[in-house]
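Biologist: I would like to learn how to read features off a model. Could we go through one together, step by step?

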Amino acid sequence: LDVDLLGKTILGHCSSHLQESHAKFVENLGKKISLRSAAEKSTRNQRNQLEDEIVPRIGYLLLRLISARQQTMMGIPQLGDVIGRGRHNVVYRCKSWGGCERKRSLVVKHTEGLSSDGWKRASIDLLMLRLLHSNGETDRHIVKQYGTIITPLESTKPTFIRVLEHRECTLPEALQRGLKREQRKLIALDVTRAMTFVISDLKFITEYPRAEIVSLDRGLRAKLDFSKIEQSPDSGDSWLGIPNFHVPPEVHRWCPPELIDRIDVYSLGCLLWEIFNETNKPPSVYKDCTTKDQMKTKVVDEGLRPERLDEFEDEWWLLMQDCWKPIRKRPAVEEVVDSIKALLKQSSISGD
């Protein structure tokens, strides 16, 4: 026997079988990857359809059902004087509703011209508010919404009417009038407490809290106002005249599910920057931004954050910076509340 020839023959057969097996493995792996990609695409499409079509549709139908019930029981609110206007809104004093005089305690907010996205947000936010107000502590932190009416129900462009707790002004309005430093610190505590309640106790995400969703009473105590649903917070301009800079970087990247509650802490840092900004001017690093894509480039790609202003105290500036740290190093909202309480104690300010 030729040992060399025998060895080459055996190795040749082994090599041939190995190559065939490898080719079949690669073929089957390709099929498996294709099937998995198709399944992921199908799941993604179904999830998008659920989020973009089915859930908003169900929410809108529930909104109409609630509206019909309240309109039957209470009727249409009688309007008083106009006390405010917005892009799609007119806010009136409530002259009466359900046969009761309610001039001082309630306002009526008329919203017209809502986009499909606006109606989607309106229906979901309304359901969220109904869950929020089932908790006894809610009224301390959230502007109460007493009624929701769509009129006329069958119209293709109905008016969306909300009956709300009366508040003296919004946070941007108060900041433009001017506030004392002690008042700003108490507002910061109120807002952070409200966020803690919503995130930790009720397990909701407040969706990029910003000055526009904060309302104040005559004593300048703050609550979150979830009736501000005319547009998505990541579109449009803030009251400072630039695109909203509160949208966290994680919105454009992957966020670990266990840290999802830290997303709003970034926005809280931006809100604190607004509260203690006595110039009412936008951050200089963002002043040239005119679109949300430009803002995304500044925040995500270049990693720019609002600058320190002369009026910022050292401890408050460090707290803002902590809120802007990478998400794994960012404090929880409860820790931010504890830090603010400690700072108020140092300043001999009662937060009760």
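Biologist: How many aromatic pairs does the count come to?

Modeller: Keep in mind that this is a predicted model. Now the general idea. A pair of aromatic rings is described by two values, the distance of the centres and the angle of the planes. Here the count comes to six aromatic pairs. Take Phe245 and Trp273: the ring centres are 6.2 Å apart and the planes meet at 85°, so this pair is edge-to-face.

Biologist: Which parts of the chain does the pair of Phe245 and Trp273 tie together?

Modeller: Phe245 lies in the loop between β9 and α5 (263–275), while Trp273 lies in helix α5. The pair therefore ties together parts that are 28 residues apart in sequence. Both residues, Phe245 and Trp273, are buried.

Biologist: What does Trp273 form with Phe312?

Modeller: An aromatic pair that is edge-to-face, with 6.2 Å from centre to centre and 85° between the planes. Phe312 sits in the loop between α6 (292–301) and α7 (314–323), and Trp273 in helix α5, so this pair ties together parts 39 residues apart in sequence. Phe312 is buried, as is Trp273.

Biologist: Which residues do the ring pairs link into a cluster?

Modeller: The cluster holds Phe245, Trp273, Tyr286, Phe312, Trp317 and Trp324.

Biologist: A ring can also face a charge. Where does the charged end of Lys144 sit?

Modeller: Over the ring of Tyr146, 5.4 Å from the ring's centre.

Biologist: Next, cysteines. How many disulfides does a search of the whole structure find?

Modeller: The idea first. A disulfide is a covalent bond between the sulfur atoms of two cysteines. The search of the whole structure finds zero disulfides.

Biologist: Now a sheet. In what order do the three strands of the open sheet run?

Modeller: The order is β7-β8-β9, and the pairing is antiparallel. β7 (169–170) and β9 (222–224) stand at the edges. Each has a single partner strand, so one side of each is left without a neighbour in the sheet.

Biologist: How many bridges join β8 and β9?

Modeller: Three bridges, in the antiparallel sense, with β8 covering residues 214–216. Ser215 stands opposite Lys223 in β9.

Biologist: Which helix lies across β8 and β9?

Modeller: That is α4, which runs at about 30° to β9. Helix α4 spans residues 181–201 and contains Lys185.

Biologist: Is Lys185 buried or exposed?

Modeller: Lys185 is buried, with a relative accessible area of 4%. Beyond its neighbours within four places in sequence, Lys185 is in contact with Phe276, Glu313, Trp316, Leu344, Ser347 and Ile349.

Biologist: One more lysine. Where does Lys157 lie, and is Lys157 buried or exposed?

Modeller: Lys157 lies in the loop between β5 (145–151) and β6 (159–165). Lys157 is exposed, with a relative accessible area of 75%. Lys157 and Leu114 are 43 residues apart along the chain, and their C-alpha atoms are separated by 8.1 Å.

Definitions and conventions. Residues are numbered from 1 along each chain as its sequence is written. This is a predicted model: local features need pLDDT of at least 70, side-chain atom pairs count only at pLDDT 80 or more; totals for chains, interfaces and linings use all residues. Side-chain values use heavy atoms; hydrogens and water are left out. Helices (H or I, at least four residues) and strands (E, at least two) are DSSP runs, numbered from the N terminus. Buried means under 20% relative accessible area, exposed over 50%, partly exposed in between (1.4 Å probe, protein chains only). Contact means heavy atoms within 4.5 Å. A disulfide is a pair of cysteine sulfur atoms within 2.5 Å. Two strands pair if DSSP finds at least two bridges between them. Axes are lines fitted to C-alpha atoms, for helices over the stretch in contact, and angles run from 0 to 180 degrees between N-to-C directions. Rings of Phe, Tyr and Trp (its six-membered ring) pair if their centres lie within 6.5 Å; planes under 30 degrees apart count as stacked, over 60 as edge-to-face and the rest as tilted. A charge sits over a ring if NZ of Lys or CZ of Arg is within 6 Å of the ring centre and within 35 degrees of the ring normal.
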